[in-house]
Amino acid sequence: MLASILAAHTAQSSGLPAAAVVAGCALVFTVASFWWLNARQGKLKSYEPHSFAGVATQQLTVVRLPLVFYNTGPKPIVVQNLQLRFPDEPDSLLPLPWRNSWAQLRPVSEDHAAMPAVFAVEGRKAEQLFIEFGAPFPGFIPQARDYTIALEATLGHRKGWRPLLTFTLRMSNMISPSQYITYSNSPRNLTEADREKANAALEALAVKLAEQQSP
C-alpha cells in the first residue's frame, strides 16, 4: 500500500504515468529477486566436529576430521585447498597441510587414501569429507590438553587463505597418542584415569623429542 502511494506521488511530481513507475519498480524487484535466488555468491561455512582421529609420534602428528561444508548461496563454491593452524601456539611454525582424504573417520587397514583434490560445494548444499591433516612439528610438542584450531581454505572466487572455522581440538582425549585411532571431541567423555594416562603418554613423547633436540 505504501509503495503504491509512493509510486503515485512520484509519478505526479515527475510527470510520468503511474503505470510506468509501477512497472519500473516491478522490474527492479524482479532483477533483485533473480540475483538473490540464482546469482548471489554465498559463504562457505563449516562446523565443529564431534570426534577426530589422531596420532602423535616423534616423527609426525596427524589429525583426521569429519568436516561438513555448507554453501549459503546459490552459486557453487570451489575449494582449492585446506589447512589447520594453531593460532595460540607460537612454537607451531607451520600449519598442518591437507595430506589425504578418506572414506570414513576410523583408520582401518583396508581403507584407501585419496590425494588432496579440488572440489566444489553446490549452492545451498552441504558436503561431508574426512580430511587428514599432518606434518612434522618443528619446535612444537603436542601436550595432553585442549588446543584452539583454525580451519582455513583457499577458494576459487577469493585470493589467499580464508578462515572457515575456529574450534577446540581436545587432544587431552588422546589416551594412546602413538596409535592412530578415533577419539571423542567432547570435554566430558574421559574419566580422570583416562586423562592421567593421556598426560603420561604425551609427556613421555615430549621427553623423547627434547632428548633428540638436545646437543
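**Notebook: loops, rings, core and pocket**

I started at Gly 123, which is found in the loop between strand 6 and strand 7. Before going on, I noted that this is a predicted model, with local features needing pLDDT of at least 70, side-chain atom pairs counting only at pLDDT 80 or more, and totals for chains, interfaces and linings using all residues. Residues are numbered from 1 along each chain as its sequence is written, and side-chain values use heavy atoms, with hydrogens and water left out.

**Entry 1**

Is Gly 123 buried or exposed, or partly exposed? With a relative accessible area of 22%, Gly 123 is partly exposed. My cut-offs here: buried is under 20% relative accessible area, exposed is over 50%, and partly exposed is in between (1.4 Å probe, protein chains only).

I then looked up what Gly 123 touches, leaving aside neighbours within four places in sequence: Asn 71, Gly 73, Pro 74, Lys 75 and Pro 76. Contact means heavy atoms within 4.5 Å. I also checked Ile 77, which is 46 residues from Gly 123 in sequence and 7.4 Å away in space, C-alpha to C-alpha.

Arg 124 lies in the loop between strand 6 and strand 7, and counts as partly exposed at 38% relative accessibility. I flagged its backbone: phi of Arg 124 is near 55 degrees, a positive value in a residue other than glycine. Most residues other than glycine have a negative phi.

**Entry 2: overall layout**

I counted three helices and 10 strands in the protein. Both are DSSP runs numbered from the N terminus: helices are H or I with at least four residues, strands are E with at least two. Along the sequence, the pattern reads α-α-β-β-β-β-β-β-β-β-β-β-α.

Of the 215 residues, 37% count as buried. Among contacts between residues at least 6 apart in sequence, 72% join residues at least 24 apart.

**Entry 3: aromatic pairs**

How many aromatic pairs does a search of the whole structure find? It finds four. For a pair, the rings of Phe, Tyr and Trp (its six-membered ring) need centres within 6.5 Å; planes under 30 degrees apart are stacked, over 60 edge-to-face, and the rest tilted.

The Phe 69 and Phe 119 rings have centres 5.7 Å apart and planes at 55 degrees, so I logged that pair as tilted. Phe 69 is in strand 3 (residues 61–71) and Phe 119 in strand 6 (residues 119–121), so the pair ties together parts 50 residues apart in sequence. Both of these Phe residues are buried.

Phe 119 also pairs with Trp 98, edge-to-face, at 6.3 Å centre to centre and 80 degrees between the planes. Trp 98 sits in strand 5 (residues 96–102), 21 residues from Phe 119, and this pair links distant parts of the chain. Trp 98 and Phe 119 are both buried. I noted the cluster that ring pairs make of Phe 69, Trp 98 and Phe 119.

**Entry 4: nonpolar core**

In soluble globular proteins, nonpolar side chains tend to be buried together. The largest nonpolar core here has 30 residues, of which Leu 65, Phe 69, Leu 82, Phe 133 and Leu 151 touch the most other members. A core is a set of buried Ala, Val, Leu, Ile, Met, Phe, Trp, Tyr and Cys residues joined through side-chain atoms within 4.5 Å.

Which strand gives the largest share of this core? Strand 8 does, with five residues. I then listed the partners of Leu 151 beyond four places in sequence; among them are Leu 67, Phe 69, Leu 82, Phe 133 and Leu 165.

**Entry 5: pocket**

The largest pocket has a volume of about 160 Å³. On a 1 Å grid over the protein atoms alone, a pocket is an open set of points where a 1.4 Å probe fits, with protein on both sides within 12 Å along at least five of seven lines; lining residues have an atom within 4 Å of a point. Grid points are joined across faces, edges and corners, and the volume is the space filled by probe spheres set on the points.

I found Gly 42, Lys 43, Leu 44, Leu 155, His 157, Arg 158, Arg 162, Pro 163 and Leu 164 in the lining. Strand 9 (residues 161–170) gives the most, with three residues. The lining divides into four nonpolar, two polar and three charged residues. In this scheme Ala, Val, Leu, Ile, Met, Phe, Trp, Tyr, Cys and Pro are nonpolar, Asp, Glu, Lys and Arg charged, and the others, Gly among them, polar.
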